[in-house]
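Here is a short briefing on one protein model. Look over the sequence and the structure first, then read the points by topic.

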Amino acid sequence: MLINVVASYLVAMVFILYCLVLGTGLLNRIGIRINSFTDSYNAYLFAFFAIAGGMVAVILALMLLGLTGLLKPTIILIAALLLMLPAIFKLGYLRKYLLLSNSQYLLWPAILMLLAVAFAWKAPGHWDDTSFHLPLVRFYVEQQGIELQEYLRFPLFPQHMNMLMVLGYLSTDAIGAGGAVGAQVFATLPWFVIALGFMGISKWHMGSAIPGVVVAILLAKNIEAFRVGFGFAYVDTGLAMFCWAALLAMVIGIANDSGQKTQSLTWIILAGLLAGGAAGTKLFGGVFALILCITVLLATRKLLYSVVFGICVLATGAWWYVRSYLISGDPFHPIAANFFGYFLWNEQDLLAQVAEQKTHGVAPSLLNLWAALKDAGIELWAIALAGLVFFKKLPSSIRLMQLVFVVYFGFWFFVTQVERYLAPIMAVGTYLAFYMLYRLVNINIGSFNPGTYIARYSRALTVITVLLCCSLIFGEFRRNIANWDHRLSRVSGYELFTQANGWRASHGDRLVQLGFENAAYFFSGIAIGDVFGVARYSQMLDCRAEGCKPVGTDALVELLNKFNSKMVIVSTQQYPLLNEQQYINHFDIAFKNEQGVLMLLKQEEAKKQDVND
């Protein structure tokens, strides 16, 4: 286990360094100067933008390889080397801004990256990771390209972060650490990048990077909406990173508009490229990009800036929507089916999804604002919202952050209150809350200036913060490793699906399941069955007044033939009316536990299916 941890840490380190160098070339190419708005020693902010930009470039390269069926380790390595060549000649530019001779600039990244790995070093099995993201990633790896997996719930959604998970899966699987862990590590690394952004912006606003470390820990440990899926193979941390990076780049670009016009436009270009990273990660990233585009127009009153921003967003973020349109006729499949037509999903699927979304949160009334914050686990953000009213004299950069924050928060509050859909403002909301506390102390405690004391006792504060991070690292590794098997055992269907793996040699790589969509990843082939889509549960059920149960023997055999499967797993917890004895003429009971039953087509039925094929 220790060897695998070290190996995964080294893989993550190499990847981040690669993105740093690649992103440095990108920043230099578009003419970014980090000292155009702050002192030249803000190495954290430079690294933040360089790594985020480098990740966008890596994702686009992986997407291109995937769409052309070249998602193979050797070709990926060759492409990585070719992509790196132009950036290698900019290493002097990199050294200029990172001040690599200063050990402090190496200490924090090393510690924070280890903490990110610790957050991710856990057994998979939260929900979306094993029902959607990990099966999709493994499917792409096995196909060595981006193909349609029609049995997954959202096979045509934007997949920028899934590309990074593919790279993580391949990297750690190659060294024997397990592909799922690698996907989780690469899905969690954006938190490390967010932390660098916190440190850089804290140095700009508060004169020290140490508060940024504290904000990063607050985000990971105390913001419940962020913690949903954090450390697992979810895309939300990556979405939060791209949105945070795009917002800061936009703020810097607008701040430069009154002075260095050329620098202003280059920062707007960078903001658009990063916002495209967000749009290509999730639909809500597109909403956030639209808000930024409108903000650029209103703040600069220059249509050119807004148009350039929009073009950059499309350049890095539109391709998944184009793919979705070409395959399904709906660029936003399946949510825009009412306008573009249905594909995979039907009208009942879409209505059920919309109804499920409405079960989250509270009634969208301003009187319920505190209840909404509490329900999402973001009570700390009340301080950020209060700052809109109680602080009159704030830097223009903070005011711009507040504007974007409150607009997106209002969209979330009145349209959908799913906690994870706050990802685009997770970083800015937490930072604003901390900054308002900082300003409150600065204003209300006489001549006390927190910035002065932070600078005076920076070494002591550094030691304390390092010890805090080390404590968290130790605690996360100890808890996650100790709970590894227990976590897997708690995943509904885990044991049944692993039992089904033992029958793949004789019964094939397809498994129809009813009631265990969350455990799809644990079957090493293709698990078929979900609430929505072409393998929707409704076609597998016989529902009457007393409840629902699986269809009869003949109908079930016909269903398995339809999906070319010889195995079926049924949840007896979801469907307690199941009587497996009624199927024994056509099925063998291979395994049964308190959660469900695994049934195999009898040999003669399996042969009939083979003949029909």
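A residue counts as buried under 20% relative accessible area, as exposed over 50%, and as partly exposed in between, using a 1.4 Å probe and protein chains only. By that rule, 58% of the 613 residues of the protein are buried. This is a predicted model: local features need pLDDT of at least 70, side-chain atom pairs count only at pLDDT 80 or more, and totals for chains, interfaces and linings use all residues. Residues are numbered from 1 along each chain as its sequence is written, and side-chain values use heavy atoms, with hydrogens and water left out.

**Overall build**

- The protein has 28 helices and seven strands. Both are DSSP runs numbered from the N terminus: helices are H or I with at least four residues, strands are E with at least two.
- The C-alpha atoms fill a box of roughly 85 × 55 × 45 Å, taken along the principal axes.
- The radius of gyration is 25 Å, which agrees with the value near 25 Å for a compact globule of 613 residues. It is taken over C-alpha atoms, and the globule rule is 2.2 Å times the number of residues to the power 0.38.

**Pockets**

- Pockets and cavities are found on a 1 Å grid over the protein atoms alone. A cavity is a set of points where a 1.4 Å probe fits but cannot get out. A pocket is an open set with protein on both sides within 12 Å along at least five of seven lines. Lining residues have an atom within 4 Å of a point.
- Grid points are joined across faces, edges and corners, and a volume is the space filled by probe spheres set on the points.
- The largest pocket holds about 1300 Å³ of space. Its lining has 46 residues, and Gln353, Glu356, Gln357, Val418 and Tyr421 lie nearest its centre.
- Elements that give two or more residues to this lining include α6 (128-143), α13 (283-300) and α20 (396-415).
- The lining of the largest pocket has 25 nonpolar, 11 polar and 10 charged residues. Here Ala, Val, Leu, Ile, Met, Phe, Trp, Tyr, Cys and Pro count as nonpolar, Asp, Glu, Lys and Arg as charged, and the others, Gly among them, as polar.
- Domain 1 (1-445) and domain 2 (494-610) each give at least three residues to the lining of the largest pocket. The domain bounds come from an automatic or database domain assignment.
- The second largest pocket holds about 560 Å³. It is lined by 21 residues, with Ile76, Leu77, Ala80, Leu167 and Ser171 nearest its centre.
- Helix α3 supplies the largest share of that lining, seven residues.
- By class, the lining of the second largest pocket has 20 nonpolar residues, one polar and no charged.

**Cavities**

- There are three cavities of 30 Å³ or more.
- The largest cavity has a volume of about 100 Å³. Among its lining residues are Pro135, Arg138, Phe139 and Ile526.
- Helix α6 gives the most to this lining, with four residues. The lining of the largest cavity has six nonpolar, two polar and two charged residues.
- The second largest cavity has a volume of about 80 Å³. Its lining includes Ser131, Tyr151, Glu517 and Asp530.
- Where does the second largest cavity lie? Domain 1 and domain 2 both give residues to its lining, so it lies between them.

**Salt bridges**

- Side chains of opposite charge can pair when their charged atoms come close. A salt bridge is a side-chain nitrogen of Lys or Arg within 4 Å of a carboxyl oxygen of Asp or Glu.
- The whole structure has 12 salt bridges.
- One of them joins Asp128 and Arg420, with the closest N and O atoms 3.0 Å apart. Asp128 is in helix α6 and Arg420 in the loop between α20 and α21 (426-444), so the pair ties together parts 292 residues apart in sequence.
- Asp128 is partly exposed at 21% relative accessibility, whereas Arg420 is buried at 17%.
- Asp128, Asp236, Lys282 and Arg420 are linked in a network of salt bridges.
- Arg544 and Asp542 form another salt bridge, with the closest N and O atoms 3.2 Å apart. Arg544 is exposed at 53%, and Asp542 is partly exposed at 24%.
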